[in-house]
Every structure is written in C-alpha cells, then in structure tokens.
Amino acid sequence: MKQHKSKILKTEVLKSKIYEALAKYQDPYLAVDLITANCIKELIINNSQVILNLQYNFLLGKYSLELSKKLRVVLEPIVTSLAKEVGIKLSLEINCYSKILTHAYKENVEKIPNIKNIIAIGSGKGGVGKSTVSVNLALALKAQGARVGILDADLYGPSLPHMLGCPDQATIVNNKLQPHHVYGLYCISIGHLLEPESPVVWRGPMVSGGLLQLLHDTIWPELDYLIVDLPPGTGDIQLTLAQKIPVSGAVIVTTPQVVALLDAQKALVMLQKLQIPILGVVENMSFFVCANCNHKHDIFGTDGGGNMANKYDVRLLGNIPLDLSIRRQADLGMTTVLAFPDRNISKIYHNMATSMAAQLSKLSVDLKLDRSQIVIES
Ligand code: ADP
C-alpha cells in the first residue's frame, strides 16, 4: 500500500518536472516556450512509459525530427532518473503533430470559401524584393507540405506570371477564373487576364474592385495559406485588403537601406493601425558575399530590418543576401527554392516560411472554421 502511494507521488513529480522543462524550452520558430505556446496536447505516464504528444499549429517539416531529438535530450534524463528512484524502467515517446488552423480575421469580412489563412506580403518601396520573397515563401510552405496559393495583388505591375513561369491567360470556367497550377502552387494575377505588354490603367475605385474580383472570382481549391503579394506603399490596395479581405497576418519586406526602411515603417504602421497582425519583417539584400574574395559587403547598410523589427516589437523572420542566383532564377521563372533546394539561400527561405507560419499559429483561432486534419510528423 505504502509503495503504491509513493509511485503515484513520483508520477506527479515527474509530470511537474516535465512541464517545468517544457516551460524552459524556447522554440526557435515560435520564439516562446512550449507551455506558453500551448503545444502540449497530452502527457501520459504509466508504469512502463511516458508519452508526450505535442501539437504545433504549423507544419514542422524537417524540423520535426530535430525537435524530437532536442526534446529527448532535455526530457530523457528527467524520466530516467525518476524511474531509477522507484526501481522501474520507463520508455519515453515524443510525438509531434502538425495541424494548420484557421486564424481569426476582422469581423464583418466575408470569408473566402476553401481558404484557411490569407497572409499579405507588403513593402514600403518597390524593388526591395517583395515579389521574390512572396514566391519563395509560398514555395517553401508548399515544399513543407502545405496547400498554398498565391495572388498577385500588384495590379499595376504584376510580376508573378513571369517569376513563376506561367504567363498564359487564365481559363474562364462558368464566369470564374481557373488559377494556374504551377510547381504545386495555385496562382492568379491580373497579368493572367491581359496581354503581357499592355499597360494597366486603373482609376482609384477600380483598383479595389479589381483586387476583390481577383480574390472572389477565382476557383480556389482547399488552401492552408493564400499568400497575397501586395503592391508597394500604403494605398488603395492596402486599405481594401485591411477592410474587405479576411487577412490573418502580414509580413513586411525591406532592405536595410534607410530610404527603404522609412517607407517600410509606414507600411507596417498602416497595417498595424488597420489591426492586421504583423507576423514579421524580412530583411532582403542584407549583404553581398563576393565570389572572388569571399568578403562580406553591407551594400545597403546593416541591421536596418532587425532594428525596425525591434522597434515595433515584431519578429525579424530572416536576412536574405543579395545574390546573383536569386535574381537570375526569378528572371528564369524557376525561383531559388525550386532551383536549388539544398543551397543555404533556400534554407533561409524555408526558415523564414516556418517562422512566419509559427507566428501566425500563435494568433487567436476561429475554431468554428477549422476543418483541418491532424498530420502526424514523427
Ligand atoms: P518588388 O516586388 O519589391 O518590387 P522584386 O521581387 O520584383 O521586388 O525584385 C526586384 C528585383 O530584385 C528582381 O529583379 C529580383 O530578381 C531581384 N532580387 C530580389 N531579391 C534579391 C536578392 N536577394 N538578391 C538578388 N536579387 C534580388
């Protein structure tokens, strides 16, 4: 009787020690500990095993294996030492699950059927690499197993048809647009409705209507994420996005250069004022490594994106170098993540995509809309 009681007591101690350890474990993508992030789904302890089930609300991809290993290093000594004290053997099983949820968006905004989360990618200035980042983030999410679409909201200067190598006109079915399905992404752009060389002339109110039509009149399949590549600046499109589109979060792309940062901050503040959660800042063209001398040049300055992220208390999702292959591959319609999946630059895009999805996963969830399936990752 006495021995039985002491074993129950140890189980409680073990549980609290495991929770204590998980409360100290800072996840690199979530940027908080696992208790704060609400990742603990289940902790089962019996006389022969400890089973820890964790649920992450974004796809873990290759990180899943690394995560299990890291957690084992932290938890195994705790489990083994307490098991030893009561003279039993306990095995430790760690399961990491991924579940992409639908996150909340502004009330009174019409939901887009089939789309779980809309993420906008914005910038202050043009030419900072926003479209290139959008395409690579979308492809990285796709490669990690998510169902992803991309909408080119740059109605004045659509570049996605070229960057994704899908310049052909969109097919119209029952008065709706069939998005291009390219490299596993579903893509639509105003460029898919026009001749490549024809300039787009929009009067003010038409811009808002054009964006809403592209979004609502496209036949979207079930998507976990729709990436919206915004035009630069703080104009009509951004306002329409904030007021009429169920967007869950936004990312701001900038270079470290002062003039780019000044405008990027305006874009960030505008979206924040319109109550769109900022998932993070991407610093593009952060540095250039010379192929001849290997010297690192800070062509556009240093730390601008990081300082901006600190100032507004948002995450710096990553720093992308200025690299010839990024420009070349975008021009060829076969961007970096696809062309060189194993290169360091692709890893940077992958890390940024995971961090972006992780930041989104911490936002409140609209459970009513959640239709996702649990995917077992390890
Ligand atoms: P934006 O959408 O901000 O106008 P783009 O994505 O169209 O910018 O990029 C502008 C140009 O810079 C393109 O030619 C693109 O290939 C190139 N580019 C973007 N990011 C990088 C980078 N990190 N290194 C080299 N070239 C880049």
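How do the residues of the shell around the ligand divide into nonpolar, polar and charged? I looked this up first, keeping in mind that the model is predicted. My tally for the shell is six nonpolar, eight polar and three charged residues.

**Around the ligand.** I then checked who sits there. The ligand has 17 residues around it, and those that come nearest are G129, K130, S131, T132 and R327. Two elements give two or more residues to this shell: α3 (130-143) and α9 (324-332).

**The sheet.** Next I traced the strands. I found an open sheet of eight strands with mixed pairing, and I wrote down its order as β8-β9-β5-β10-β4-β11-β12-β15. At the edges are β8 (180-182) and β15, each of which pairs on one side only.

**Strand β12.** Is it buried or exposed? Six of its six residues are buried, so the strand is largely enclosed by the rest of the structure.

On one side I followed its pairing with β11 (residues 247-254): the two run parallel and are joined by five bridges. One pair I noted is A250 with its bridge partner I278 in β12. To get from β11 to β12, the chain goes through helix α7 (residues 258-273), and I logged this β-α-β crossover as right-handed.

β12 also pairs with β15 (residues 316-319), again in the parallel sense, over three bridges. Here E283 has N319 in β15 as its bridge partner.

**Strand β4.** I went on to β4 (residues 115-123), which runs parallel to β11 and is joined to it by six bridges. In this pairing I118 stands opposite V247 in β11.

**Helices on the sheet.** Helix α11 (residues 344-361) packs on the sheet and touches β4, β11, β12 and β15. I read its direction as making about 160 degrees with that of β12. Helix α8 (residues 304-311) lies across β11, β12 and β15, and runs at about 160 degrees to β12.

Last, I looked at backbone angles. N174 isn't a glycine, yet its phi is positive, near 50 degrees. I located N174 in the loop between β6 (171-173) and β7 (176-178). N174 counts as exposed because it has 6 C-beta neighbours inside 10 Å, and the cut-off for exposed is 12 or fewer.

Q275 isn't a glycine either, and its phi is positive at about 65 degrees. I found Q275 in the loop between α7 and β12. With 9 other C-beta atoms within 10 Å, Q275 is exposed.

Methods
Residues are numbered from 1 along each chain as its sequence is written. This is a predicted model: local features need pLDDT of at least 70, side-chain atom pairs count only at pLDDT 80 or more; totals for chains, interfaces and linings use all residues. A residue is near a molecule or strand if its C-beta atom, placed from the backbone, lies within 6 Å of it. Helices (H or I, at least four residues) and strands (E, at least two) are DSSP runs, numbered from the N terminus. Ala, Val, Leu, Ile, Met, Phe, Trp, Tyr, Cys and Pro count as nonpolar, Asp, Glu, Lys and Arg as charged, and the others, Gly among them, as polar. A residue is buried if 20 or more other C-beta atoms lie within 10 Å of its own, exposed if 12 or fewer, and partly exposed in between; C-beta atoms are placed from the backbone. Two strands pair if DSSP finds at least two bridges between them. A crossover is right-handed if, with the strands pointing away from the viewer, the path from the first strand over the helix to the second runs clockwise. Two residues are in contact if their C-beta atoms, placed from the backbone, lie within 7 Å. Axes are lines fitted to C-alpha atoms, for helices over the stretch in contact, and angles run from 0 to 180 degrees between N-to-C directions.
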